[in-house]
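Notebook open, model loaded. I am jotting down what I look up, one entry at a time.

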Amino acid sequence: METTKKGKEVESSRNGEEEAARATGRSSSRNASSKYDFVKVKVWLGDNADHYYVLSRFLLSRMLTVTKIPNHVAVKIALELKKLLIDNSLLDVSQSDLEANLFKLMERRGYGEEYINRYKMITRFHHQRVPLVILVCGTACVGKSTIATQLAHRLNLPNVLQTDMVYELLRTSTDAPLVSTPVWARDFGSSEELITEFCRECRIVRKGLAGDLKKAMKDGKPIIIEGIHLDPSIYLMDDENRETTSTPAKTEESANVAVTSQDNAVTEKECTETSSINDTESSRCYPEAEKPGGVMSTDQVTEVTDRVHLLDLAGAIPENQGETLKDTGTNTSHPVKKEKSSADPIIVPIVLKMAEFDHKALLEEWISIRTYRDKSLSQDQNKLISNLKTIQDYLCSFESQGLTVVNISATTFPQTLDWMHSYLLQCIERGISSASAGSGKQVNAN
């Protein structure tokens with residue numbers, strides 16, 4: 001009995017020692033992890049190293065996922081980079097040295113030239129502050145919200161707007177001519193009447209988005225807008241055949257326009273186009289706007305024109321467009337602002353559609369839930385589905401003008417999302433190439 005008791009005590013003591021060792025191991029592991037998490041690495045910018053930022057593993061990993069590196073690999077690469085810098089006492093490092101070490105780690109894990117070029121391109125995109133607007137269009141139950149959310153995560157874009165929320169805010173908080181019954185649930189004499197009303201509501205919603213769009217254009221911020229109330233015709237200004245990307249290269253030069261102060265009134269002035277029409281603008285009009293201190297330069301007028309043209313709501317120019325001139329001056333000693341103002345916005349409208357059989361099954365379930373909650377809706381499912389199909393056909397009709405139409409399927413959703421990720425990266429690359437070309441032309445012209 002005593003021997004058995006002593007054996008149990010020894011075994012218990014041994015187990016205690018093992019648990020203590022494991023706890024010590026966990027503690028040391030935590031300490032090692034915290035060592036890299038809490039040590040600051042300063043990354044210096046500019047030729048003279050005038051400014052710096054503190055390296056963030058999280059932000060770096062998010063940048064790497066934009067290049068299509070899987071998230072778990074991106075996290076490991078970011079950790080390895082910070083370990084490398086800290087272990088070698090490189091707590092102050094230049095941006096070029098940081099990227100050189102990063103690219104070596106990427107190549108070591110099999111993510112070579114293609115991914116490195118994407119990283120450089122995304123870095124250039126953020127540096128130039130090129131406005132990016134992604135429009136995810138389509139009717140109900142085609143996956144607009146899911147696609148928009150997934151793309152925002154993959155591309156590290158923080159802003160996703162839903163037109164449904166904008167519609168409700170306008171309807172309940174303003175005197176906008178909108179009704180609570182959805183357009184697809186109303187009675188119309190013909191398909192033409194349905195589409196006419198749909199387009200009218202889309203223009204009103206576009207007006208409600210004016211503030212967010214203006215901020216995106218002014219600050220160079222990316223934004224994703226998704227919802228049913230997105231009419232591609234508002235954004236596709238060119239009726240001719242256009243390229244698959246909505247990012248135009250600036251191929252036209254404007255004449256000098258003198259700007260005078262006329263009680264903050266803004267008028268439109270025709271301009272002469274001296275080259276081929278690009279893929280988002282079939283025509284361009286240059287406004288006269290007030291600028292304190294005299295006459296504006298051609299570059300500044302072009303900047304205002306580009307933004308006003310994109311924010312034109314239902315054919316009217318916003319009264320507060322002059323705000324875009326607040327930080328614009330004739331002093332050429334601000335190359336960053338010059339580069340920012342010369343960037344053409346990247347506008348990418350995408351229409352989602354689904355196979356008719358699958359879409360109908362989803363719509364029937366969705367409509368049954370909507371009609372159960374809202375008794376004012378028509379109980380005729382076939383009629384409601386027909387209206388939604390009419391709207392879908394209208395949106396897809398812009399495919400002949402170069403609009404991208406994406407077929408969504410539950411079985412191929414990951415592949416479709418991956419394709420859209422690549423497609424948007426191509427659009428961004430073409431957009432910043434156009435911005436760089438436009439910037440070079442303006443510098444030479446001056």
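**Entry: His359**

I started with His359, which sits in helix α13, residues 356-373. A reminder to myself before going further: this is a predicted model. Is His359 buried or exposed? I get 9% relative accessibility for His359, so I put it down as buried. Next I listed what His359 touches, leaving out residues up to four places away in sequence. The list runs Thr139, Ala140, Cys141, Val142, Met354 and Gln392. I also checked His359 against Lys389: the two are 30 residues apart in sequence, and their C-alpha atoms are 9.7 Å apart in space.

**Entry: Cys141**

Cys141 turned up among the contacts of His359, and I followed it. I find Cys141 in the loop that runs between β4 (132-137) and α6 (144-155). What is phi for Cys141? I read a value near 65°, which is positive in a residue other than glycine. I noted it because most residues other than glycine have a negative phi. Cys141 has 23% relative accessibility and therefore counts as partly exposed; the cut-off for buried is under 20%.

**Entry: Ser89**

Where is Ser89? I place it in the loop between α3 and β3 (92-94). With 60% relative accessibility, Ser89 counts as exposed.

**Entry: α3 on α4**

Helix α3 covers residues 71-87 and helix α4 covers 95-108; I get an angle of about 130° and axes 10 Å apart. That angle makes α3 oblique to α4. I logged the crossing of α3 and α4 as right-handed. Which residues meet here? On the α3 side I have Ile77, Glu80, Leu81, Leu84 and Leu85, and on the α4 side Leu98, Asn101, Leu102, Leu105 and Met106. Sorting the residues of this α3 and α4 contact, I end up with eight nonpolar, one polar and one charged.

**Entry: α2 on α3**

I then looked at the contact of α3 with helix α2, residues 57-66. The angle between α2 and α3 is about 135°, and their axes are 8 Å apart. That makes α2 oblique to α3. I noted a right-handed crossing where α2 passes α3. From α2, the residues I wrote down are Arg57, Leu60, Ser61, Arg62, Leu64 and Thr65; these meet Asn71, Ala74, Val75, Ile77, Ala78, Leu79, Leu81 and Lys82 in α3. By class I have eight nonpolar, three polar and three charged residues in the contact of α2 with α3. Ile77 and Leu81 are on this list, and I had already written both down for the contact of α3 with α4.

**Entry: α7 on α8**

How do α7 and α8 cross? Their axes come within 9 Å and cross at roughly 90°, with α7 at residues 163-173 and α8 at residues 191-208. That makes α7 roughly perpendicular to α8. I have Thr163, Val166, Tyr167 and Leu170 of α7 in contact with Glu201, Ile204, Val205 and Gly208 of α8. The class count for α7 with α8 is five nonpolar, two polar and one charged.

**Entry: Glu113**

Glu113 belongs to helix α5, residues 113-128. I get 62% relative accessible area for Glu113, so it is exposed. Glu113 and Phe103 are ten residues apart along the chain, and I have 8.8 Å between their C-alpha atoms.

**Entry: cysteines**

How many disulfides does the structure hold? My count is zero. I checked Cys202: the closest cysteine sulfur is in Cys199, at 6.1 Å, which is too far for a bond. Cys202 is buried, with a relative accessible area of 1%. For Cys427 I also noted buried, at 1%.

**Entry: whole chain**

To finish, I took the totals for the protein chain. I count 15 helices and ten strands. Of its 446 residues, 43% count as buried. Looking at contacts between residues at least 6 apart in sequence, I find that 76% join residues at least 24 apart.

How values were computed:
Residues numbered from 1 in each chain as written. Predicted model: local features only at pLDDT ≥ 70, side-chain atom pairs only at ≥ 80, totals over all residues. Heavy atoms only, no water. Axes fitted to C-alpha atoms, helices over the stretch in contact; angles between N-to-C directions. Helix = DSSP H or I, 4+ residues; strand = E, 2+ residues; numbered from the N terminus. Parallel < 35°, antiparallel > 145°, perpendicular 65-115°, else oblique. Left-handed = near helix turned anticlockwise from the far one by under 90°. Contact = heavy atoms within 4.5 Å. Nonpolar A, V, L, I, M, F, W, Y, C, P; charged D, E, K, R; others polar. Disulfide = S-S within 2.5 Å. Buried < 20%, exposed > 50% of the residue type's maximum accessible area, 1.4 Å probe, protein only.
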